[in-house]
Every structure is written in C-alpha cells, then in structure tokens.
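Below is a set of questions and answers about one protein model. Read each question, look at the model, and then check the answer.

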Amino acid sequence: MSKTTTANQVPTTSGSEVVASICQEILRRQRFLLTSHARPDGDSIGSQLAMAYALEALGKHVRLVNADAAPDHYREFPGVDRIEIAAQSDAVADALIVMECSDLSRTGVAGLEGHFIINIDHHAGNRMYGAINWFDESAAACGEMVFDVIRALGVPLSREIATHVYLAILTDTGSFHHSNITPRTFDICRQAVEAGVNPAAMARGVFDSNSFGKLKLIGALLDAMELIDDGRLAVLYLDDDMLAACGCTNNDTEGVINLPLTAREIQAVVFFKANPAGDVRVSMRSKYDVDVRAVANAYGGGGHKNAAGFTAPGRLADVRPQVIERLVAAIGEGIKSRP
C-alpha cells in the first residue's frame, strides 16, 4: 500500500503523485540535509548515500548527519566517511530528507524540527510528520523508493548510486529471504547490476567481513541461546558485559539475530538487549507466516511482518515473559494460517 500526504495532510494513494511533488521540491531547492534512523543499517545507509549522490549529480549541496556511526563492514562503501555523527545538528538547509523514520525522534538527532521535511518510509506506523510524506509499505526497502525518486529526477544510475540502492535492498530483504520481495525488487537489482554492481562482491562485503570479536560474540550468544515452544522460538540475550568481553560494540550485533532462523525448526527469534538507561531493546525476526510486527506494534514499535522491533521501559525480567508469550501466540497463529 502506498500512502502519501503533503503539507495540508490530505492523503492520496498515488505514489507517482508524491514522487512528482518530491522531485518538484528538490529541483527548486539547493541545500539539503539527509538523515535516517539511529543505529543505522544497510537500508538507511544505502538510501541516504544513493540520494546524496543523485542530488549532487544535479549540482545540489548535500550534508549527511546521523546519530550513530555505520557498522564497520559498511565503512568501505563509497561516501560512508562523509556522514557526520552528531547528537544535534545546526545545519542550514533548504530541505531535510528523512528516510526510514516513523517519526523525527527516531533519527536520534536533535535540532531538525525547523526544516522543510520530506519524509520517505516503508514501515507501518509512520506519523506523517513531514511537509511531504511518502509511505509505501509495499517497498521491500526504502532504497526502492529512493530509486524511484532518482529515476523520476532523470539522474543517470551511476555506479555509486547503484551500489547503495543494491546495498539497501540486499540488507533489508535479509539477503532476499523476507516475504516483502516483489518483481520490482529484482528489476531494480537488475538495473543496479547493469550499472556496474558486482553481486558477489557486495555479498562478501556485507556478510563476509566480520571481525574476530564479532565471531566470539556470535559464539557467546548462540551458546546462551534458549529454545522455547518446542524449539520454534529462539531467545537471545545481550548485555554490555558480554560486548566488552568479546571486544565488540553494538554495531557488531547487526545480522546476528538472523542466524538461529537457519535452523529448520526455529520460526522466530527474539533478541533482548538491556540498556543502561533502564529500558530494553527488543528485536525480532521470523519466517513463514509468523507476524512479529504485530508484537512490535503492541509496544509502540514497528517494522515488517518478518522483521520488527521496539524499546520497552522497565527491567528485562518484567519485559521478557510478556514478549515471549506474545511471540508464542504469533507462532501459533502463523501455523494455523498455513495451507
């Protein structure tokens, strides 16, 4: 489903209309600030940089700002070193383009409120906080939507742009594992490959570039993994002591949650991370018809059917049993819905 609103908050259902509005605003403005969500992933990084290279091809001035640095294995991708890391931004811009954020606070960057905002997102629950809002839940990645904007702007698909569009799609589909993939997804990837992307090299750069510390962390997490609901639900837990013991940071946890799903019996995974601030970060992944987004929505979070998360206030001991109960129920519903 594609839903759009403009500054007067009148919804439409035409993706082409909002893409035209976005292009019109881009062409009439010169200075742009680009951001995405805190703790960036491949889709947020890829979407930001693909858009940045496209805007610069039009002669625009671009700055990129994020609350957190990109995971180490993305550092070799073109332009990643340009992203400013800051808790607050005082950048002067004619427009702010926010990608992959259901609300502005999701960026983790303060000082963004006063800009003309273009909001591009594919996650359910977007609050339509921009002057122009484009929400398309059918997109497998935000990078697909950015691709549509770039093509509508008439910008040629350079190797740099194609690399980041492909990065966004490769990572947000779980290496083409998730159920949100459509023919559009593969057509965009085909065009990216024709523009010079090497799929094998991209896969190695994303999935085969772990540090030794991350390998130790994977071993520690899997060794402590619990299996619930006759082995259908895997439970992972992480704290700062475990990170320190392995010589890792939070960035090294990216992708770890997907590993238990490679077991035939496991249908969902939940990853708990207790934060020093007194809350718990909960990430979930699933396969088949197990809808983890419904669980995330119950706690004010969001995501996709097979990949979702939220942050819950309180102690892990209080949050954990409630979440597990909901996930077991989601697995049961998923089993019932299968032919």
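Buried means under 20% relative accessible area, exposed over 50%, and partly exposed in between (1.4 Å probe, protein chains only). This is a predicted model: local features need pLDDT of at least 70, side-chain atom pairs count only at pLDDT 80 or more, and totals for chains, interfaces and linings use all residues. Residues are numbered from 1 along each chain as its sequence is written, and side-chain values use heavy atoms, with hydrogens and water left out.

Q: Is R184 buried, exposed or partly exposed?
A: The relative accessibility of R184 is 24%. Buried means under 20% and exposed over 50%, with partly exposed in between. R184 therefore counts as partly exposed.

Q: Which residue forms a salt bridge with R184?
A: A salt bridge is a side-chain nitrogen of Lys or Arg within 4 Å of a carboxyl oxygen of Asp or Glu. For R184, the closest N and O atoms of the pair are 3.4 Å apart. R184 lies in helix 5 and its partner in strand 7 (residues 132-136), so the pair ties together parts that are 48 residues apart in sequence; helices (H or I, at least four residues) and strands (E, at least two) are DSSP runs, numbered from the N terminus. The partner is D136.

Q: Which residues are linked with D136 in a network of salt bridges?
A: D136 counts as buried because its relative accessibility is 5%. The network joins D136 to E144, D148 and R184.

Q: How far apart are the closest N and O atoms of the salt bridge between D187 and R190?
A: Both D187 and R190 lie in helix 5, 3 residues apart, about one turn of the helix. D187 is partly exposed at 34%, and R190 is partly exposed at 40%. The closest N and O atoms of D187 and R190 are apart by 2.7 Å.

Q: With which side chain does the side chain of T185 make a polar contact?
A: T185 lies in helix 5 (residues 183-194) and is buried, with a relative accessible area of 0%. A polar contact is a pair of N or O atoms within 3.5 Å; within protein, one must be able to donate a hydrogen and the other to accept it, and residues adjacent in sequence count only if both atoms are side-chain atoms. At 2.6 Å, the side chain that pairs with T185 is that of E144.

Q: How many of the 12 residues of helix 3 are buried?
A: Helix 3 covers residues 142-153. Its buried residues include C142, E144, F147 and L153. Helix 3 is mostly covered, and the buried count is 9.

Q: Is H304 buried or exposed?
A: H304 is in strand 12 (residues 302-304). Its side chain makes a polar contact with the side chain of H123 at 3.4 Å. Because its relative accessibility is 11%, H304 counts as buried.

Key. The expected span of a helix is 1.5 Å times one less than its number of residues.
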